[in-house]
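Reader: Could you walk me through how to read a model like this one?

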Amino acid sequence: MDSSKNGAATPLSRSESKVRAKGKAIAAVAPPPVAATKAGRGGWKKGVAVFDFLLRLFATGATLAAAATMGTTDQTLSFFTQFFQFQASYDDLPAFTFFVIANAGASAYLVLSLPFSIVCTIFVALTMAAASSAAAIVYLAQNANWLAICRQFNDFCQEVSDAVVASSVAALIFIFLVVLSTISLKRL
């Protein structure tokens, strides 16, 4: 029964009562707006987690490639006869040795952290420091007073340069992962 303007009760038709009942049922079933925003945020977090995992895989490949390339870089040149040979190897310079150790450590860390996606600030610093010190040596070797060495040991210098580039890419990915983790934590 419904009351009209004059206060008297008027009977509702059967179709009117069904329409009002349907309207009330729909309103009661509809989820509150808060639940919709939580569902949207959960999808965003899943996307970030997948992107984080893929970046860690790429960074693992880059650091492993950098360490392997630098660690296997050496060249031997013969001068005048076979008895006079000169050799260039990554372990001749401490900066290159540090480079191999830091990138191998970063690669191992990434393999271990793939399931956990832990913030990797320490290895950002180590990888960047290793890439920077090795890049300084490469720059000196190719542009300064070591130019004659890189002309003779051109394969060695090229492989070292490739390793430094791979390590720099890994360091940039590390930086992006830290920013991504920071954004993810801020959204909690």
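Author: Happy to! This is a predicted model, where local features need pLDDT of at least 70, side-chain atom pairs count only at pLDDT 80 or more, and totals for chains, interfaces and linings use all residues. Residues are numbered from 1 along each chain as its sequence is written, and side-chain values use heavy atoms, leaving out hydrogens and water.

Reader: What is the secondary structure of the protein chain?

Author: Helices (H or I, at least four residues) and strands (E, at least two) are DSSP runs, numbered from the N terminus. Here the protein chain has six helices and four strands, in the sequence order β-β-α-α-β-β-α-α-α-α.

Reader: Which residues does the "transmembrane region" annotation cover?

Author: UniProt positions follow the numbering used here, feature names are shortened, and annotations may be inferred rather than shown by experiment. The unreviewed UniProt entry lists residues 53-73, 93-112, 119-141 and 163-185. In the model, residues 53-73 are 90% helix and 0% strand, with end C-alpha atoms 30 Å apart. For residues 93-112, the figures are 95% helix, 0% strand and 29 Å.

Reader: How much of the protein chain is buried?

Author: Buried means under 20% relative accessible area, exposed over 50%, and partly exposed in between (1.4 Å probe, protein chains only). Of the 188 residues, 30% count as buried.
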